[in-house]
Each structure stands twice: as structure tokens, then as C-alpha cells.
Amino acid sequence: MLGTFLFEDVTRIQHADPDPLPETPTGKPDNRQEFTPAVFLSYQPFPEHDLSIRAFYKRIFRMPTFNDLYYTDIGNISLRPEYTNQYNVGLYYTKTYMSGALKNLTVQADAYYNEVTDKIIAVPKGNGQYRWMMMNIGNVEIRGIDIAAQAGWQLPWQTGINTSLNYTYQKAQDFSDPADNDPRAGTWGGQISYIPWHSGSAIVNLYRKSWELNYSFIYVGERYHNSANIRENHEEPWYTQDLTLTKTFSHRHIKYKLSAEVNNLFNQQYDVILNYPMPGRNYKVIVKLEI
């Protein structure tokens with residue numbers, strides 16, 4: 001059981017600037033006392049194997065942040081808290097190998113169902129490229145699957161590889177207004193803003209002594225920028241690949257880590273959200289010191 005106690009006070013601020021920003025609103029959310037229960041279960045069917053079945057139920061309370069409520073232009077003082085009933089069932093398996101190139105393997109999979117009331121989201125405001133607003137979606141149902149696998153490999157010449165794969169399927173539907181069920185532009189049952197059905201990542205880390213080479217691939221599938229899932233609101237899938245080379249060394253009791261990065265390796269042109277194009281290929285050099 002988690003207890004959350006919130007007490008707020010808001011004061012109007014008068015700006016001295018002759019062309020001031022909008023004043024801080026004097027309204028404020030109500031003080032709240034919330035108790036949210038959670039139940040966790042875990043079962044290991046075979047004692048000789050590291051395989052476990054897990055399940056849980058959580059009641060989640062999320063209060064809007066300070067920026068969500070009060071930040072100029074973006075903030076919405078009328079935002080309501082978000083409540084979620086989360087149900088999850090999954091499997092977890094891990095194994096260590098004493099011989100061979102494969103040294104360890106971990107696989108986990110979870111299926112979940114969430115009922116969300118007054119889900120808090122940020123969406124672009126009108127046609128303005130740089131203006132956002134916070135808003136609630138009255139009722140959202142989320143069904144999803146998360147699958148993750150990690151493996152460690154030992155190769156000759158003091159070389160090793162760590163690999164990681166992640167995949168998520170998520171169906172997040174807006175069920176706020178039963179009357180808004182027009183398939184041509186209605187939002188009833190539509191995938192909510194910017195939530196892809198499919199997403200995933202792959203990471204490969206190759207290391208030898210003080211050198212590391214890291215490759216990452218991120219994929220985000222098609223989605224819509226509005227709960228009305230029509231062609232005009234469709235957003236194309238995007239992916240990006242990054243490469244990092246790192247060298248670690250020491251000098252006079254100081255540990256140095258020098259990294260060279262190439263981000264968006266193949267110069268993919270993509271928008272994470274509407275009208276916000278991301279950088280093309282770019283480079284970065286990072287030096288870290290540990291004293």
C-alpha cells in the first residue's frame with residue numbers, strides 16, 4: 001500500500017517587466033490524500049531451473065507535475081490526476097553457462113492490461129510548431145506485450161560481447177466519448193497520440209580490455225498524432241542507428257574515459273512528432289574524468 005499526500009499553495013506573481021509574460025494563475029488543485037494498493041505474486045515451478053512466473057496488480061495515482069499545471073503556455077491548471085489499474089502476468093528465465101561461448105542468457109516476457117482514467121498527455125497546440133498543451137484523455141485502455149532478451153558471450157583474445165533485444169507491442173485506445181464513433185474522423189477506439197503499435201531496440205556491445213564498441217538500433221512503428229486514426233493524422237515509422245567507440249585509461253590515479261560517437265549513422269530523415277524533424281548524422285566527442 002502506497003500513501004500519497006499532497007498539499008499545494010499558489011500565489012499570484014506580478015511581473016515588473018513592461019511587457020510581462022502571462023501571470024501565474026491563482027487557481028490550484030485540491031489537496032489530496034491517496035492510498036494505492038499493489039499485490040505481487042511469484043512462483044518458481046521447477047526448483048532446479050531459474051524460471052519464474054510472476055503476476056501483479058497495481059493501483060497507480062499520478063498527480064500532474066508543476067510544469068504540467070503552471071508552465072507558461074503549456075500548463076493547464078484544469079488538469080485532473082491520472083489513475084491506473086494495471087494487471088500484469090509474465091515469465092522470467094535466466095541461465096549461466098559454464099562452457100562454450102555463450103556465458104549467460106536472460107529472457108523475460110510480460111503481457112499487461114491497463115485501465116487509465118484521465119490519462120495525462122502532451123500534444124502540439126493547434127498548428128503552431130513550438131507550442132504544446134497538456135490535456136487529459138478521459139478513458140484509455142492499454143493492452144500490450146513486452147519481450148526482452150540479454151546475452152553475454154566470451155570470445156577469444158580477451159574479447160566479449162553483450163547483446164540486448166527489446167520488443168513492445170502496445171494497443172492504447174481512447175474510449176472517452178462513445179458518441180464519437182464516426183470511423184471517418186471519430187476518436188472512439190482510436191490509438192492515442194504518438195503511441196506506436198510496434199517498437200523495439202537492439203544493442204550490441206563489443207569489448208576488449210579497455211576498449212568498447214557499442215552499436216544501437218531503435219525502431220518506432222507507425223502511429224497517429226491524434227486519437228482520430230485517419231490518413232491526415234498518420235505518422236510514418238522511423239528508425240535510427242548509433243555507434244560509439246570508447247577507450248578507458250588511467251594516469252596518475254585519475255581515470256579517463258574518451259568516447260567518440262556517430263549518431264544517426266545512416267543519416268535517416270525522420271520526425272519523432274509532427275513538425276519536429278530530428279538531426280541528421282552528427283558527431284560527438286566526450287571526455288570523462290574520475291578523480
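Two strands pair if DSSP finds at least two bridges between them. This is a predicted model.

**Strand pairing**
- Strand 6 and strand 7 run antiparallel and are joined by 21 bridges.
- Asn 104 faces Gly 152 of strand 7 across this pairing.
- Strand 7 also pairs with strand 8 (residues 159-174), again antiparallel, over 16 bridges.
- Ala 151 has Thr 163 of strand 8 as its bridge partner.
- Three residues separate strand 7 from strand 8 in their hairpin. There, Trp 157 adopts a positive phi near 60°.

**Nonpolar cores**
- The largest nonpolar core holds 10 residues, among them Tyr 112, Val 116, Ile 142, Ala 172 and Ile 195.
- Strand 6 (102-124) and strand 7 (132-155) are the elements that give two or more residues to this core.
- Strand 6 contributes the most, with four residues.
- Another core, of five residues, lies apart from the largest one. Its members include Tyr 70, Leu 79, Ile 120 and Met 134.
- Setting aside neighbours within four places in sequence, Ile 142 contacts Tyr 112, Tyr 113, Asn 114, Val 116, Gln 170, Lys 171 and Ala 172.

**Asp 110**
- Asp 110 sits in strand 6.
- The Asp 110 side chain makes a polar contact with the Arg 54 side chain, at 2.6 Å.
- Beyond neighbours within four places in sequence, Asp 110 is in contact with Arg 54, Asn 88, Val 89, Gly 90, Gly 144, Ile 145 and Asp 146.

How values were computed
Residues are numbered from 1 along each chain as its sequence is written. This is a predicted model: local features need pLDDT of at least 70, side-chain atom pairs count only at pLDDT 80 or more; totals for chains, interfaces and linings use all residues. Side-chain values use heavy atoms; hydrogens and water are left out. A nonpolar core is a set of buried Ala, Val, Leu, Ile, Met, Phe, Trp, Tyr and Cys residues joined through side-chain atoms within 4.5 Å. Buried means under 20% relative accessible area, exposed over 50%, partly exposed in between (1.4 Å probe, protein chains only). Contact means heavy atoms within 4.5 Å. A polar contact is a pair of N or O atoms within 3.5 Å; within protein, one must be able to donate a hydrogen and the other to accept it, and residues adjacent in sequence count only if both atoms are side-chain atoms.
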